[in-house]
Amino acid sequence: QIAAGGHVVVYFNHDQTGAPLVVDKKLGSDEEAVLFDPKGALVDQIDWQEGDSPDGGSFGRSPDGTAVWKTFTVPSPGKANK
């Protein structure tokens, strides 16, 4: 479970670097991430396009909890997006 106000960091890469959760897949130019609760209900989702999450960067809500997503050139895993 992710506590209210908490964060989860997921790394998508083939070299298995990062923690605590690594998915052995590089994300393409048109991908979607979907989050479900333990009962299978949709909690959140995002669909991004080419360039939204460049190598070395990240893509997240800005600020946290809003509907606005943006590209971050300097990732800040586990910290609030600003």
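## Strand β4 at the pocket and in the sheet

Strand β4 gives the lining of the largest pocket its largest share, five residues. The model is predicted, so to speak of local features pLDDT must be at least 70 and for side-chain atom pairs 80 or more, while totals for chains, interfaces and linings use all residues. Residues are numbered from 1 along each chain as its sequence is written, and side-chain values use heavy atoms, without hydrogens and water.

Let's start with the pocket, an open set of points on a 1 Å grid over the protein atoms alone, with protein on both sides within 12 Å along at least five of seven lines. The largest one holds about 2,000 Å³ of space, taken as the volume filled by probe spheres set on the points. Its lining has 50 residues, and Val8, Val9, Val10, Phe59 and Trp69 are the closest to the centre. Lining residues have an atom within 4 Å of a point. Besides β4, the strands β1 (10-12), β3 (31-36), β5 (58-61) and β6 (69-72) each bring at least two residues to this lining; strands are DSSP runs of E with at least two residues.

Here is the lining by class, with Gly counted as polar:

| Class | Lining residues of the largest pocket |
|---|---|
| Nonpolar | 23 residues |
| Polar | 19 residues |

Now to the partners of β4. β3 and β4 run antiparallel to one another and pair over six bridges, where pairing calls for at least two DSSP bridges between two strands.

How many salt bridges does the model have? The count is one, with a salt bridge being a side-chain nitrogen of Lys or Arg within 4 Å of a carboxyl oxygen of Asp or Glu. Asp44 and Arg61 form it, and their closest N and O atoms are 2.4 Å apart. This pair links distant parts of the chain, with Asp44 in β4 and Arg61 in β5, 17 residues apart.

Methods: 1 Å grid on protein atoms, 1.4 Å probe; cavity = no way out; pocket = protein on both sides within 12 Å on 5 of 7 lines; lining within 4 Å. Helix = DSSP H or I, 4+ residues; strand = E, 2+ residues; numbered from the N terminus.
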